[in-house]
Amino acid sequence: MLADAHCHLDGSAELAALQRDEHILAIINCQSPAEWETNRTLVGTYQPLSFGIHPWEASDLRWAAVTPYLEATSIVGEIGMDSVWTDVNLLDQSRLFEAQLHFAHDHRKPVILHTKGCERAVLTAIRKYPNRYLVHWYASPEYQADYIRLDCYFTIGPDVLTDPAVTQLAKTIPLNRLLIETDGLSAVAWAQHRPVQISEYPDILRQSLRIVANLRGIAPVELEAQVYQNLQRFLS
Ligand SMILES: [Zn+2]
C-alpha cells in the first residue's frame, strides 16, 4: 500500500477522495487554523493531520491563536527555518521554531521539519529537544550524516533523480527511516516543470518508489511495504 509522508491538499476534495479510495496513507499538512478546519472536513478522521506554523508565516504569529491547534494535532509540522524562499526575519523564525519544538517535546508529539538553507541552525535547535523527527525534502549535501545520527526519518520527493543531494540521501538513509512524499501536487509540478493532474497522484508515488528501490537495489514492492511500515511507526 502507498504512503505519502507529507502532502498539502490545497483544498482539493478530489485528491482527498482519491487517497481514500486508493487506501493511500498520507500525512496532511495544515499551516493555519483555517487550513486545519478545511482539511478536517475533507478527510474526517481517515488521514492523520499535521499542524504547525510554517517559517514563511513566522511574522504573523499569534501564539494564543495557534495553541489550541497544536494541542489538537498529534504531529507538529511542518515547522523549521528558511533563508532561501522567504524574507521573513530569521530571528522571528527561530523564536517561533523553538517555541514549537519546545511544545512538541513537552507534549511528546513527533515533528516534521522544513530546513531550507538553514540546515545547520535546525540541526543545532533539534539537538536541544530530543524527539522523533521527520526531515521533509532535505536537499542539502551538508549535514546529512548528522541528521542520520540523530535517528531522523527522511522523506524523498519527486526530484530524487534531478537533485544530486537528494539522490545521495536516498542512497544512504537507513531503510527503516526512509519515507516517500509528494509535498502536494503543486510541489510535484514545480519539481518536474510540468502541469500535473490529480489522477496522476498514485503513479507519482509509485515512480518515486521505483527510483529509490532501484538506487537501493531492492524490489519496488519490498520498498513500498517498508515505507508504509515506516510511516506507521513514525505515527505511532
Ligand atoms: Zn510542505
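**Zinc site and pockets**

The zinc ion has four protein donors, His6 (NE2), His8 (NE2), Glu78 (OE) and Asp183 (OD), at 2.1 to 2.2 Å. The model is predicted, and all values below are computed from it.

- The angles subtended by the four donor atoms at the zinc ion run from 83 to 171 degrees, so the arrangement is irregular.
- Along the sequence, the donor residues follow the spacing H-x1-H-x69-E-x104-D.
- Histidine 8 and glutamate 78 link distant parts of the chain, being 70 residues apart. Histidine 8 lies in the loop between strand S1 (3–7) and helix H1 (13–21), whereas glutamate 78 belongs to strand S4 (residues 75–80).
- Histidine 8 counts as buried because its relative accessibility is 10%, under the 20% cut-off.
- Glutamate 78 is likewise classed as buried, with a relative accessibility of 2%.

**Largest pocket**

- The largest pocket holds about 470 Å³ of space.
- Its lining comprises 20 residues, and Trp56, Trp85, His114, His136 and Asp183 lie nearest the centre. Asp183 is also one of the zinc donors.
- Helix H8 (residues 185–192) gives the most to this lining, contributing three residues.
- Six nonpolar, eight polar and six charged residues make up the lining of the largest pocket.

**Second largest pocket**

- The second largest pocket contains about 170 Å³ of space.
- Ten residues line the second largest pocket, with Pro33, Ile53, Glu57, Asp60 and Val66 nearest its centre.
- By class, this lining has five nonpolar, two polar and three charged residues.

How values were computed: Residues are numbered from 1 along each chain as its sequence is written. This is a predicted model: local features need pLDDT of at least 70, side-chain atom pairs count only at pLDDT 80 or more; totals for chains, interfaces and linings use all residues. Side-chain values use heavy atoms; hydrogens and water are left out. Donors are N, O and S atoms within 2.8 Å of the metal (3.2 Å for Na, K and Ca); water is not among the atoms, so sites may look incomplete. Four donors count as tetrahedral if all angles lie between 85 and 135 degrees; four count as square planar and six as octahedral if opposite donors are over 155 degrees apart and all others between 65 and 115; anything else is irregular. Helices (H or I, at least four residues) and strands (E, at least two) are DSSP runs, numbered from the N terminus. Buried means under 20% relative accessible area, exposed over 50%, partly exposed in between (1.4 Å probe, protein chains only). On a 1 Å grid over the protein atoms alone, a cavity is a set of points where a 1.4 Å probe fits but cannot get out, and a pocket is an open set with protein on both sides within 12 Å along at least five of seven lines; lining residues have an atom within 4 Å of a point. Grid points are joined across faces, edges and corners, and a volume is the space filled by probe spheres set on the points. Ala, Val, Leu, Ile, Met, Phe, Trp, Tyr, Cys and Pro count as nonpolar, Asp, Glu, Lys and Arg as charged, and the others, Gly among them, as polar.
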